[in-house]
Amino acid sequence: METLVKLSFYCFTAGSIALIGAWLCYLGYAVGRVRLRRSAMATAEGPTISATTAEFGPGSYSLGRFGSLLAWFAVVFQGLAILFRSIAAERGPYSNMYEFSLAFIFVLLLIYMLFERFYQVKQLGAIVMTIALAMAVYIWSLPASMREVDALNPALQNRPLMTLHVSTAILAYATFAVSFAAAVLFLIQIKKNVSWLPSAEMLDDIGFRAVTFGFPMLALVLILGSIWAHQAWGAYWQWDPKETAALFTWLVYGVYLHTRSLRGWRGTRSAVILLIGFAAVVFTYYGNYFFGGMHAYGGV
Amino acid sequence: MAQATVDKTALPRSPLEIIVDRIWRFFCSVRAAVVEIAILAVLVLIGTLRGSDAPQWLANAIPATQPFVDRWYAWDVFGSLPFIGILTLLSIAIAVCTINRVPGIWNTIANPTVRTSRGFLRSADLSATYQNATPPEALLDDLSTSLKKQRFRVITERHGEETHLYADKNRYAKLATFPFHLALILILVGGIVGGRYGFRENEFLIPEGSVREVGHGTGLSVELVQFRDSWREDGTPAEYRSDLVLYEDGQPVQEKSITVNNPMSHGMVTFYQASYGQAATLRVTDDEGRTLFDDSVPLGLYTHANNPDAPAGVQVLPQAGVQLNVIAPDNNRANAPELDTLNLRSGQMYVQVREIGPNASDERPSAAINMGETARIGNFNVEFVRESRFTLLQVASNPGIPIFWVASLLLVAGLAITFYFPNRRIRGILSMAPGSSGSQLELAPLAKRDWSAKREFKIVAEKLADTLQTSPMITERASVSDTSEVSAEGRASAANDSRSTSVASKEVR
């Protein structure tokens with residue numbers, strides 16, 4: 001078992017390295033190329049006046065391709081990391097923040113790559129990889145003792161429901177991260193009108209599609225959590241802070257979906273709500289650190 | 001114009017009608033719904049933060065906010081009037097909105113408007129135009145067949161020399177919004193039914209060997225045969241298990257060994273493993289040999305001044321007019337040893353007898369009793385039979401649960417159908433091509449500001465091109481729906497984009 005746990009960590013390490021490479025490539029591709037041009041002019045008197053101007057252009061296509069390639073490497077290594085960990089633990093990697101975050105990176109990358117393939121847009125990767133990399137840095141910051149596989153405490157000993165409840169949460173959070181990335185690029189595009197970024201309409205659509213996947217998923221998270229709570233604690237809803245934080249997140253995305261049918265709200269205002277929504281996701285994700293209540297054991 | 005004036009004067013509306021109409025419009029308003037959901041979200045956030053240290057961080061950073069933070073912690077948000085009020089408002093809005101929208105949506109499904117205009121087709125964000133040598137009548141069959149193969153319903157109408165076409169798919173998915181919204185009301189109904197007709201005991205405590213009645217008119221009682229806990233080498237708990245026997249009207253009806261995730265149910269009543277603790281089995285008799293108590297006293301629910309660190313319990317014997325205060329040995333002698341005035345050894349139990357009632361004496365006779373021995377305390381003989389344990393169960397009966405499960409199913413299914421089977425609509429006009437005996441087909445999707453719908457339309461247009469054996473001219477016009485929010489620079493660019501793409505239409509094939 002120990003070998004598998006180590007192997008899982010080595011795969012995560014390799015995935016982190018691939019992630020750094022992918023992040024740099026995507027960032028370069030999205031920011032674009034800056035060309036400095038120096039022009040010189042000779043005057044009648046003889047001295048030369050020179051001036052430097054900057055020209056912006058789309059990023060190198062190769063950078064985008066390398067970004068995708070490295071991101072796929074990261075997907076494979078993260079996938080192997082959670083596979084080895086699952087075999088070692090004889091359950092899904094969902095029992096603490098180390099395992100949950102490992103799985104989150106894998107699902108986030110995978111979902112992003114699917115969006116990239118469907119929409120044929122790579123610039124979104126600059127934001128998504130930043131989130132994935134931040135999550136990897138968080139994992140590295142966790143105490144080494146958390147890399148050990150711990151047995152489940154009695155409250156968590158419900159493998160089918162734990163797998164369903166936590167994996168749907170990861171799916172929901174990952175798609176919301178993609179919608180956040182689309183909203184950020186949308187706001188940049190609306191303000192700056194960058195020619196090599198995807199159109200505002202497409203970015204709006206990516207944000208919406210991501211939410212249409214994540215919103216039912218988060219509803220499912222709440223329902224599966226209720227079923228589990230009913231089985232373990234005797235009440236399907238107890239106003240536990242983690243429960244209500246997830247409900248808050250769900251309501252924010254509910255507001256987003258309703259605003260899209262309002263004149264004057266679709267576009268910038270909806271994108272701002274996506275930013276608030278993702279802040280709510282982060283709040284719910286890390287809530288274990290500062291919430292009391294029945295989910296407190298899920299922290300560290 | 002004159003006719004309109006006559007109509008208005010002929011049907012004046014009463015103030016009541018106007019008020020009802022405004023209330024109705026308020027509940028149907030999406031803008032109002034957004035505000036209501038946003039208020040609900042803010043209240044949920046306030047309630048969530050109340051369960052965390054975050055408000056206290058605020059008070060620590062700005063001491064002047066401490067009274068505000070104290071009130072925040074004291075406010076039961078989820079039981080408050082504003083919270084219940086906004087939930088009620090939202091429920092009414094959902095119900096009213098549903099009633100308001102059903103006829104319209106059903107009409108668009110059953111009797112959609114087929115007739116369209118060239119103005120719509122030519123100003124649409126995206127359109128496709130086909131020129132074909134085949135006469136319109138012959139082309140219509142191929143067109144319909146091709147669209148039907150792509151799961152579209154096709155309806156046509158003849159208007160003069162033109163045939164107007166309406167095609168849609170996933171039309172019934174539009175109805176999925178209703179079960180989803182009604183599910184939200186059902187969840188609230190489930191909560192109300194559970195609260196009104198169910199019950200919940202959070203601290204249902206049974207010592208080993210004891211039987212406790214559930215009450216609430218159930219006729220049920222539960223016996224704890226044995227409680228077992230197992231621990232891992234690293235000191236973490238592996239399992240808490242209670243072996244229970246359930247009696248209904250005194251007759252055993254079920255035996256089950258329950259754990260935290262494995263409760264015992266009988267009818268609507270369910271027993272959940274919640275916690276456990278230490279207990280002392282005592283037998284108390286009076287001078288005449290009558291048994292006043294022969295059961296276990298749960299420990300750990302109280303503390304006693306003689307040793308605040310030690311688990312203590314209280315047992316009232318009403319028929320004897322006394323209360324037994326029972327104190328176990330200190331589990332952690334190293335902690336504040338000066339408070340441990342009893343100095344009990346392992347295997348001992350300290351029992352104090354205290355009279356209760358208005359004329360109770362201040363005397364409190366007591367004794368430390370060794371396990372298996374009997375001590376004379378006051379007028380009673382108290383035997384410390386053995387150390388035992390109790391289990392703490394939660395007992396709940398919630399008739400709202402089936403409603404909740406149905407609502408959950410409707411909610412997820414409604415959302416999934418709404419989002420994963422989007423309704424797609426296409427309008428078109430088939431006519432004679434100008435100046436030839438062939439035909440001209442103009443199609444446009446109802447897809448304003450919908451990138452995915454436009455993408456799907458392009459795929460449909462390409463497939464139609466295969467069927468009709470002709471390449472379409474696809475015209476894309478940049479959407480200017482967000483121009484009010486675009487910066488001046490972006491606006492100029494968007495206008496340029498619109499001109500260039502609409503003039504330079506591009507061929508798909």
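This presentation describes the two chains of a predicted model, first by chain and then by selected residues.

Good morning. Because this is a predicted model, local features need pLDDT of at least 70 and side-chain atom pairs count only at pLDDT 80 or more, while totals for chains, interfaces and linings use all residues. Residues are numbered from 1 along each chain as its sequence is written, chains are lettered from A and ligands numbered from 1 in the order in which they are written, and side-chain values use heavy atoms, with hydrogens and water left out.

Let me begin with chain A. Its secondary structure consists of eight helices and two strands; here helices (H or I, at least four residues) and strands (E, at least two) are DSSP runs, numbered from the N terminus. Read from the N terminus, the order of elements is α-β-β-α-α-α-α-α-α-α. Along the principal axes, the C-alpha atoms occupy a box of roughly 90 × 55 × 35 Å. Of the 300 residues in chain A, 60% are buried, where buried means under 20% relative accessible area, exposed over 50%, and partly exposed in between (1.4 Å probe, protein chains only).

Turning to contacts, defined as heavy atoms within 4.5 Å, 77% of those in chain A with a separation of 6 or more join residues 24 or more positions apart. The accessible surface of chain A is about 12,200 Å², and carbon and sulfur atoms hold 67% of that area. Such areas come from the Shrake-Rupley method with a 1.4 Å probe, and for residues only the protein chains shown count as cover. Chain A carries 20 positive and 13 negative side chains, with the centres of the two sets 9 Å apart. In this count Lys and Arg are positive and Asp and Glu negative, whereas His and the chain ends are not counted; each charge is placed at NZ of Lys, CZ of Arg, CG of Asp or CD of Glu.

I now move to chain B. Chain B contains twelve helices and 22 strands. What radius of gyration does chain B have, given that a compact globule of 509 residues would be near 23 Å? The value for chain B is 38 Å; the radius is taken over C-alpha atoms, and the globule rule is 2.2 Å times the number of residues to the power 0.38. The box filled by the C-alpha atoms of chain B is roughly 120 × 55 × 55 Å along the principal axes.

Buried residues account for 43% of the 509 in chain B. Among the contacts of chain B between residues at least 6 apart in sequence, 59% link residues at least 24 apart. The accessible surface of chain B is about 26,300 Å², with 56% belonging to carbon and sulfur atoms. Chain B has 49 positive and 54 negative side chains, and 15 Å separates the centres of the two sets.

Let us consider charge pairs. Side chains of opposite charge can pair when their charged atoms come close. Over all chains, the structure holds 28 salt bridges, each being a side-chain nitrogen of Lys or Arg within 4 Å of a carboxyl oxygen of Asp or Glu.

Which residue of chain A forms a salt bridge with D450(B)? The partner is R209(A), with the closest N and O atoms 3.7 Å apart. The pair joins two chains, because D450(B) lies in the loop between strand 20 (439-445) and helix 11 (451-468) of chain B and R209(A) in helix 6 (residues 200-232) of chain A. D450(B) counts as buried at 18% relative accessibility, and R209(A) is buried at 17%. Both belong to a salt-bridge network that also includes D205(A), K169(B), R424(B) and E456(B).

Within chain B, R241(B) and E239(B) form a salt bridge at 2.9 Å, N to O; E239(B) is partly exposed, at 26% relative accessible area. Within chain A, K122(A) and E116(A) pair at 3.2 Å, N to O, and K122(A) and E116(A) are buried.

K122(A) also touches G64(A), as do Y26(A) and Y29(A), leaving out residues up to four places away in sequence. G64(A) sits in helix 2 (residues 61-89) of chain A and is buried at 0% relative accessibility.

Finally, Q157(A) occupies the loop between helix 4 (125-141) and helix 5 (159-192) of chain A, and is partly exposed at 32%. Beyond its neighbours within four places in sequence, Q157(A) contacts L152(A), R232(B), A238(B) and N261(B).
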